[in-house]
Amino acid sequence: MVPSTPNAPPAAADIGPLRRFVQRFTQLIDTRPAEPEVIRHGSALLAELVARDGWLPADYARPDPACYQQYLLHADALDRFSVVSFVWGPGQSTPIHDHTVWGLIGMLRGGEDAQRFAQDAEGRWQPQGPAHRLRPGDVEAVSPRIGDVHRVGNAFADAVSVSIHVYGANIGNVHRSVYPPEGGRKPFVSGYSNAALPNLWWAPAKSPPAAPATA
């Protein structure tokens with residue numbers, strides 16, 4: 001019987017792709033890029049991450065029947081960015097809400113329907129164009145500069161969907177707003193659904209090099 005390794009990801013998940021993504025995204029942020037460069041280069045990095053499934057540990061892809069879940073996967077020590085998984089139970093959706101910082105959304109599993117909103121002349125939030133569907137591998141961006149208010153939901157009434165989000169702050173601690181249909185706004189701070197972080201830095205031990213053959 002092979003003994004278990006403490007703090008190791010589940011056998012089915014190779015968390016290496018997430019570790020490499022965090023390393024490369026940190027290198028990007030270290031260059032202090034302007035927002036358009038963050039969105040352009042960061043979207044390419046996120047697209048590479050969500051192009052293949054199988055790396056997200058099961059504990060961070062677990063739905064809840066009452067509400068969608070936001071699991072923290074990584075928070076930069078200087079609050080420059082955070083990475084979360086959003087897990088949608090069948091038919092679940094958000095209210096209309098904002099972010100106040102740039103954000104990247106990458107679809108990993110299932111699908112999401114996203115509808116953008118903008119204020120009309122009377123200050124009411126109205127849909128902007130048709131809703132669009134994100135499919136696995138798709139990436140889109142939000143920010144106060146390019147459009148920050150939207151509503152998102154699981155595209156499926158009978159399946160779980162999972163997306164990976166990157167934000168320009170520790171998003172669970174950001175003061176934001178939801179916009180009720182009757183008007184006005186309600187402040188909220190999302191927090192996170194998990195109390196423990198995945199161990200990004202665990203990696204299987206490499207086998208020692210073979211001893212040289214002797215005569």
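The model is predicted: local features need pLDDT of at least 70, side-chain atom pairs count only at pLDDT 80 or more, and totals for chains, interfaces and linings use all residues. Residues are numbered from 1 along each chain as its sequence is written, and side-chain values use heavy atoms, without hydrogens or water.

**Whole chain.** Colour by secondary structure. The order along the sequence is α-α-β-β-β-β-β-β-β-β-β-β-β. Of the 215 residues, 43% are buried (under 20% relative accessible area, 1.4 Å probe, protein chains only).

**Strand 4.** Select 112–119. Strand 4 pairs antiparallel with strand 8 over five bridges (pairing needs at least two DSSP bridges). Three bridges join strand 4 to strand 6, residues 132–134, also antiparallel. Now pick Asp 113. Arg 133 of strand 6 stands opposite Asp 113, and Gly 153 is its bridge partner in strand 8.

**The hairpin.** Move to Gln 119, whose partner in strand 5 is Trp 125. Five residues separate strands 4 and 5 in this hairpin. Gly 123 in the turn has a positive phi of about 85°.

**Largest pocket.** Select Tyr 68, Gln 70, Phe 86, Thr 94 and His 97; of the 26 lining residues, these lie nearest the centre. A pocket is an open set of points on a 1 Å grid over the protein atoms alone, where a 1.4 Å probe fits, with protein on both sides within 12 Å along at least five of seven lines; lining residues have an atom within 4 Å of a point. Strands supplying at least two lining residues each include strand 4 and strand 8.

Conventions. Helix = DSSP H or I, 4+ residues; strand = E, 2+ residues; numbered from the N terminus. Buried < 20%, exposed > 50% of the residue type's maximum accessible area, 1.4 Å probe, protein only.
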